[in-house]
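Reader: I have a structure open and would like to go through it with you. Could we begin with how the strands pair?

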Amino acid sequence: MNTVYDLKREVEKPERLTGGHRLCAGCGAGIVVSGVLRALEKEDRAVITNATCCLEVSTFMYPYTAYMDSFIHSAFENSAATCSGVEAAYNALKRRGKVEDIVKFITFAGDGGTYDIGFQSLSGAMERGHDMVYVCYDNEAYMNTGIQRSSSTPRFASTTTTAVGSVRQGKIQNKKDLTEILVAHNAPYVAQTAPIGNLKDLHTKAYKAIYTEGPCFLNVLSPCPRGWGYPMAKLPEIVKLAVDTCVWPLYEVEEGEWHLSYTPKKKLPVEDFFRAQTRFSHMFQKGNEWMIEEAQKYVDQKWERLLERTGG
Amino acid sequence: MSICFSGNEAVAYAMKQINPDVMGAFPITPSTEIPEYFAKYVANGEVNTEYVTVESEHSSMSVCIAAEAAGARAVSATSSCGLALMYELLYVAASSRLPITLACVNRALSGPININNDHSDSMGARDAGWIQIYAENNQEAYDNFIMAMPVGENVRLPVMTCMDGFITSHAVENIELLETDVVRKFVGEYKPENYLLKKENPLAVGPYDISAYYMEHKVMQAQAMKMAKARILEVAAQFEKISGRHYGLLDEYRMEDAELALVLIGSSAGTAKAAIDKLREEGVKAGLIKVRVFRPFPGEELAKALSNTKAVAVMDKSEGFSANGGPLFAETRNALFDQKERPYLIDIVYGLGGRDFKVEDVEKVFGRLKNIAATGEIGPVYTHFGHRQRGEQA
């Protein structure tokens, strides 16, 4: 990789995820996928895996595929095992002289397919140590089926299965910290990133994940206009607010070493992030001030703990 | 070469001789020994297979699907709940037209949990689009596994080779092995036309298939299963040349002039043959049809084989809970419908969860058939056999 990141040069590379796919305007997933794939060296081939998700049904509707590389989708909960199976075949065929060139293995799955139903498959593949990258594009709910809560959905968020009513208002539990769980797998490279600004953070981390030997994991915040309730054009602002409020801190863990990738110049209050999305609108109703307070307290605690770990 | 092997070791040995590219390995009784034997071959460098010790059967089948799609030959082994956990992916494998080979060591499905033999596991997967070939004994378990890839890879369908848990998988018998170079030549190299790792032409597998295309894909899949019948016989004929052992879709035993017959699957055939020999000495015109290939179902062949019988008992080693008889019965009755002359037909569900089925039990069934043939009174068409009646002590 060139030492200096240059977005202009990067976007001039031939696209590996072509236009014409059916993802919504204002969705983070397409930007995440093309951003990650751009980190591949031009001459290297890749086999891409998808879990069943918005991305999969939008990028490979028979007989059209948006991927320039080979691609496999098999089911919802097994994208890590599927990717590991392709990698296993590569090792076998390479050993037998049937494949010679460099091929990289990258999986994309949503938070439902990663935090929930695909969790076991992911944990197994990471433990076995396949040379692969697992990318979770985290949009914090089951969006493909119409916005149902997952274990990644943040507390208080309204989804179709954490409805806002007179007795209950949004999700009861906090979001599962999957990135930390993946760090506990002793994977050589684990990072949390987002399609922010000129995509440098995403690109740099994707490059490291792809070119670090062994099982690497990227957790990428990927806003969903339908599920989160923001105008399509506001996608970059939503991402920036998530990062500047420390709701979604950017960091990486290389061989067990924690590094903070970004410290906001001014840490914004969480309500700035919440106010921009309809999924949190009930938090601003009279009498619900405690929700914002609780959410702020939780984000602060997590942030302080991350600062301790990264020595920031 | 003659050797004393359990069914599991026979299949593991066949796998070693084939030296597949990838194996998905996960333990479940009674198939556990297959990945265990294979692990030793890997550890001793006797194979150079990529041996993937997954965290579940679900991942085992996922690995096989991905590996096969990537251009590799993939195998696995499982039983009972393991096969049930693969259920979703069995369909994915078949519809993606990936010729994976899976050794299914038949065991009862939970619940309650039971580790012994019946056919509820593979019968539960009978409509998943896999070719299913059942072994009567250790020799057949070995032979079937060797024939599986030339069949599956030709019609592009996955193959499940089944044997009875413990009865076949763990009992040790003398079997004839083929030389490894003979096996390798017979099985050949896996050369798919398109695969994920092919450099010249990237491939996309597993689309979202809308209603404008889905049905065409299913029809093609159904046609492949129809074609599999001829291919199974073709491969069996080639196999006979290298082994001297003959295989068909069905195995007919003393059927030439049989008036009374059993139709069954698997190791019970051995028991039935012993009983039939005894009954023949007593002058009873008894015969047996062992269904070796259940998918594709040899309906025409079965109807023909039963055409001169008077009374037939279909022995189902799985329940099915249709309230109308077991799966083998449903297929057999279906196959007989177009015949002008049909035998009297009953269904007997037996041997569930390892319930023993002895020579004298077979004789009892023939006793019932004899009565039916003589009187024309069938009695209840669908019954269970070998279970205690209410109040009877265990």
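Predicted model: local features only at pLDDT ≥ 70, side-chain atom pairs only at ≥ 80, totals over all residues.

Reader: Which residue is the bridge partner of A:Phe71 in β9(B)?

Author: The partner of A:Phe71 there is B:Ala204.

Reader: How many residues does the contact take from each chain?

Author: Chain B gives 37 residues and chain A gives 36. On the side of chain B that touches chain A, β3 (50–53), α3 (57–70), α4 (80–95) and β9 (204–205) each supply at least two residues. The most come from α3(B), with 10 residues.

Reader: And how do the residues of that side of chain B divide by class?

Author: They comprise 23 nonpolar, eight polar and six charged residues.

Reader: Turning to helix α1 of chain B, what is its extent?

Author: Helix α1 (residues 7–18) of chain B has 12 residues and reaches 17 Å from its first C-alpha to its last, close to the 16 Å expected.

Reader: Is α1(B) mostly covered or mostly exposed?

Author: Mostly covered: 12 of its 12 residues are buried. Among them are B:Glu9 and B:Lys16. After the helix comes B:Asn19, with a positive phi near 55°.

Reader: Finally, at what angle do α4 and α6 of chain A cross?

Author: The axes of helix α4 (residues 79–95) and helix α6 (residues 119–128) of chain A cross at roughly 35° and come within 7 Å. Residues making the contact include A:Ala80 and A:Cys83 of α4(A), and A:Leu122 and A:Arg128 of α6(A). By class, this contact has five nonpolar, three polar and one charged residues.

Definitions and conventions:
Residues numbered from 1 in each chain as written. Chains lettered and ligands numbered in written order. Axes fitted to C-alpha atoms, helices over the stretch in contact; angles between N-to-C directions. Helix = DSSP H or I, 4+ residues; strand = E, 2+ residues; numbered from the N terminus. Contact = placed C-beta atoms within 7 Å. Nonpolar A, V, L, I, M, F, W, Y, C, P; charged D, E, K, R; others polar. Expected span 1.5 Å × (residues − 1). Buried ≥ 20, exposed ≤ 12 C-beta atoms within 10 Å, placed from the backbone. Pairing = 2+ DSSP bridges.
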